[in-house]
Amino acid sequence: MSIADIRKDYILAELDEQTAGDDPVTFFSQWFKEAERAEITEINAMTLATSGRNGVPHARIVLLKGLDDRGFVFFTNYDSDKGKEIAENDKVALLFFWKELERQVRIEGRIEKVPAEESDIYFRSRPAGSRLGAWASPQSREIPHRNILDLNYAHYENEFSGIETPRPPHWGGYIVVPDRMEFWQGRASRMHDRILFTRTGAGWAKSRLAP
Ligand SMILES: Cc1cc2nc3c(=O)[nH]c(=O)nc-3n(C[C@H](O)[C@H](O)[C@H](O)COP(=O)(O)O)c2cc1C
């Protein structure tokens with residue numbers, strides 16, 4: 001089959017202004033619960049797009065690990081390529097695609113590190129192997145071969161044997177504080193629903209976009 005022939009009509013639901021409400025973070029939580037009820041796997045996997053000073057965009061998946069009134073939290077290596085780009089440019093985008101519900105959510109905003117205590121709490125909740133992995137992997141750096149990772153892992157396993165593995169200083173959380181959120185519900189004949197929220201000082205303005 002040719003790739004050009006792959007297509008799907010979207011028929012599951014509709015989205016109107018009233019259903020979307022007045023607060024996009026609250027509405028996101030509602031859609032997230034619906035995705036949980038639909039038993040979608042890896043519903044917290046989101047694409048994170050960043051760009052540094054040179055404006056070249058880079059996108060990759062990270063896992064949403066927290067959501068509250070402030071915004072969307074994930075954890076990573078602060079010295080990674082994404083960490084370096086974030087240090088140069090605090091404007092980022094997030095993207096969720098829950099294909100089983102024919103839904104997409106686009107989020108844009110400003111990113112900042114979460115307080116160290118918050119990173120400590122989450123780091124302690126990770127499985128022991130993942131905690132050692134955070135020390136063992138110089139994320140985004142070129143390595144000569146796979147074996148380096150295993151050697152690093154064994155080194156830190158030995159270094160922290162008998163004590164709780166501490167959080168590496170270069171590892172922690174970021175929070176994306178949204179200023180624009182768009183909810184997309186697939187509809188038949190490509191006549192999709194798009195409801196956009198734009199931050200206006202203390203509140204949000206709501207509009208509808210053509211698909
Ligand atoms: C399903 C999935 C979940 C991932 N979750 C994370 C995550 O939460 N944090 C992270 O740093 N990388 C995560 N990754 C790896 C990133 O996509 C990426 O490879 C890594 O962060 C390095 O990106 P960078 O070189 O642009 O900094 C995940 C990848 C996949 C496919």
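## A tour from the whole fold to the ligand shell

Begin with everything displayed: residues 24 or more positions apart account for 63% of the contacts in the protein with a separation of 6 or more, two residues being in contact if their C-beta atoms, placed from the backbone, lie within 7 Å. What you have open is a predicted model, in which local features need pLDDT of at least 70 and side-chain atom pairs count only at pLDDT 80 or more, while totals for chains, interfaces and linings use all residues. For the selections that follow, residues are numbered from 1 along each chain as its sequence is written.

Colouring by secondary structure shows six helices and nine strands, taken as DSSP runs (H or I over at least four residues for helices, E over at least two for strands) and numbered from the N terminus. Of the 211 residues, 23% count as buried, a class that requires 20 or more other C-beta atoms within 10 Å of the residue's own, whereas 12 or fewer make a residue exposed and the values in between make it partly exposed.

Next, select the ligand and the 16 residues around it, among which R60, T76, S80, K82 and S140 come nearest; a residue counts as near if its C-beta atom, placed from the backbone, lies within 6 Å. Strand 2 (57-63), strand 4 (72-77) and helix 3 (81-88) each supply at least two residues of this shell, and strand 2 gives the most, with five. By residue class the shell divides into six nonpolar, six polar and four charged, where Ala, Val, Leu, Ile, Met, Phe, Trp, Tyr, Cys and Pro count as nonpolar, Asp, Glu, Lys and Arg as charged, and the others, Gly among them, as polar.

Now move to helix 5 (residues 128-136) and helix 6 (residues 147-159), which pack at an angle of about 115 degrees with their axes 9 Å apart; the axes are lines fitted to C-alpha atoms over the stretch in contact, and angles run from 0 to 180 degrees between N-to-C directions. Show L132, G133, W135 and A136 in helix 5, which meet L149, N152, Y153, Y156 and E157 in helix 6. The residues of this contact divide into six nonpolar, two polar and one charged.

Finish with E39, in the loop between helix 2 (24-37) and strand 1 (45-51), where phi is near 55 degrees, a positive value in a residue other than glycine. E39 counts as exposed because it has 8 C-beta neighbours inside 10 Å.
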